[in-house]
Amino acid sequence: MTRLSDMMEKQARLLSSKLFHKHRQVEVALNRSVLAWKETERSRKRSSGISNSVETACIHAVPVCEIVAVCKTTDDDQDNTETRRSQKKAKQQSQLYPHAFTVSYIRRTRQHQWRCSDVTFHSANQGLCGQWIQVINEQLTLLTNRPKSLLVYINPYGGKRRGKRIYEQKVAPLFRRACISADVIVTERANHARDHLKTEANLDKYDGVVCVGGDGMFSEILHGLITRTQTDNSVDQNQPDAELVPCSLHIGIIPAGSTDCICFATVGTNDPVTSALHIIVGDSQPMDVCSVHQNDLFLKYSVSLLGYGFYGDVLSDSERKRWLGPARYDLSGVKTFLSHNYYEGTISFLPAENNMGDPRDKLQCRSGCRVCQHKPSSKDTRWEMSGEKEKSDKDGSSGWSVIRGKFIAINAASMSCACPRSPEGLSPSAHLADGTTDLILVRKCSRLDFLRHLLRHTNKDDQFDHSFVEVHRVRKFCFQPRQYEPVSLEDLSESPKKTGFRPICSTQTSCNYSTSHSSWNCDGEILPHVAIQVSVQCQLIRLFARGIEEQQQCVFEDPCTLWAPEPSAH
């Protein structure tokens, strides 16, 4: 970690002055990386009692890349919450130092949340204030990763129907402060945003696309933007072996839905202000995308969870209870757990050879993740599906593994899938951008054992530490269910269990068990097919995010010891 004093000494100071802040004189210094200030009066007030009071004076530092904006301060911008005595003192100071400028910057609070704070500096010299505003703005202009124009889609119906209010009250004022222009579209129907992005939107005029809503709204933006990119580059999405072109525009997520799993896993919190500030500073987080096919038919893209069995059944049941709102997931989850269905099928997968991570290595994906910085080549990830190759794959001669069995759940987690209810997620060590997905197989077990497995999602115990659970980090996989095979009545006792009435044969001959299939839950949507092929597209998109930060304090340690030699005053 780079200390402030090192940064101030290594880089030439662009500007330094003695100004006033909150009725105290402060020394303010700026270089290309840091804006810093400290009080200068403390040494005079305490010189009789403490000889080293200058060294212990409180120092504040803000990275230039986390400055939101700087502007001239008017009388209307002054803080009106001060006491009468403070207001009197402020009035006297404003008469002595009538000119001021305000710097808006990011302040970290609890649980990965960010807030926009202001610091105002006063001076008797109008030209000096103007110089500070000009120099800081010049440094902000050099941050070319920051967006200047955004296309915003708002889902007014998602979650508790708060999307429009959240944007207008919490997000739009921050965008205006940062001088970001935004074209806003309030969606009127399902897939409105997806269809607009695919055909109508003039994307050349924007630096990013922002969705205000939940995971469903993000999925619309994802599919629209990827499809548009492939169409513009003449790539056929229906071909499983197609090498997809990464999207050039970043995607921003303002959480306002029933579920905000993707935002939580990439930022660490479901807070609209925090997400807006990540967009403003132009953070960039690459993300893998799973492409799902059925033979030569493209089905869906997935960035979080592909779930067959338990999670597919929960979603299928909850779709019939949408009138309950978010509570439908709890009710359907209990119902599905009590049903305790299991399903038979064959899963084939290509393990992620020579990969830096393992699903059980306890190495979590965080901001600046070393695992995600290693991007595999397209040669390593190309899907080969010729008839001869497919046969050799399933024979295991080319590195593919095949598992047949009866499963309660088959899950593919391309990220941790962490959320407030499950802080560690389905796969705590899954990575956002390493070109793999974690394939979790939960075999047939007792209801009590499955409950133990589910409960471990809510704590820090290893949810894979069960004899009936196995996890593999893979680049591709395909699933084939057991379907329409004749079984005897003896086999029916071991066939997937269902609630309600099941087919009964009057003789000992075979019968078709046509209801023995679950559905695939693809990021909260039901897939129309069960037999699927999945390939991980490495770093296909980028979000306005930086991953979950490890530490919540300021990036500079021990700020009281970091001040460089005293600057010269203007």
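Modeller: What follows is a set of questions and answers on a predicted model.

Colleague: How many salt bridges does the count come to?
Modeller: Side chains of opposite charge can pair when their charged atoms come close. The cut-off applied is a side-chain nitrogen of Lys or Arg within 4 Å of a carboxyl oxygen of Asp or Glu. By this rule the count is 22 salt bridges.

Colleague: Which residue forms a salt bridge with Asp118?
Modeller: Asp118 sits in strand 7 (residues 114-123), and its partner is in helix 5, 59 residues apart from it. The closest N and O atoms of the pair are 3.2 Å apart. The partner is Arg177.

Colleague: Is Arg421, which forms a salt bridge with Asp330, buried or exposed?
Modeller: In this pair the closest N and O atoms are 2.4 Å apart. Arg421 belongs to the loop between strand 16 (401-413) and strand 17, while Asp330 is in helix 11, 91 residues apart. The relative accessibility of Arg421 is 61%, and exposed means over 50%. Arg421 therefore counts as exposed.

Colleague: How many residues apart are Asp462 and Arg360?
Modeller: Their side chains meet in a salt bridge, 2.6 Å from N to O. Asp462 is in the loop between helix 14 (447-455) and strand 18 (469-481), and Arg360 is in the loop between strand 15 (343-351) and helix 12 (378-381). The pair links distant parts of the chain, and the separation is 102 residues.

Colleague: Is helix 5 roughly parallel or antiparallel to helix 9?
Modeller: Helix 5 (residues 163-177) and helix 9 (residues 272-280) pack with their axes 10 Å apart, at an angle of about 30 degrees. Angles under 35 degrees count as roughly parallel. So helix 5 is, relative to helix 9, roughly parallel.

Colleague: Is Ile440 buried or exposed?
Modeller: Ile440 lies in strand 17 (residues 437-443). Its relative accessible area is 3%, and the limit for buried is under 20%. Ile440 is therefore buried.

Key. Residues are numbered from 1 along each chain as its sequence is written. This is a predicted model: local features need pLDDT of at least 70, side-chain atom pairs count only at pLDDT 80 or more; totals for chains, interfaces and linings use all residues. Side-chain values use heavy atoms; hydrogens and water are left out. Axes are lines fitted to C-alpha atoms, for helices over the stretch in contact, and angles run from 0 to 180 degrees between N-to-C directions. Helices (H or I, at least four residues) and strands (E, at least two) are DSSP runs, numbered from the N terminus. Angles under 35 degrees count as roughly parallel, over 145 as roughly antiparallel, 65 to 115 as roughly perpendicular and the rest as oblique. Buried means under 20% relative accessible area, exposed over 50%, partly exposed in between (1.4 Å probe, protein chains only).
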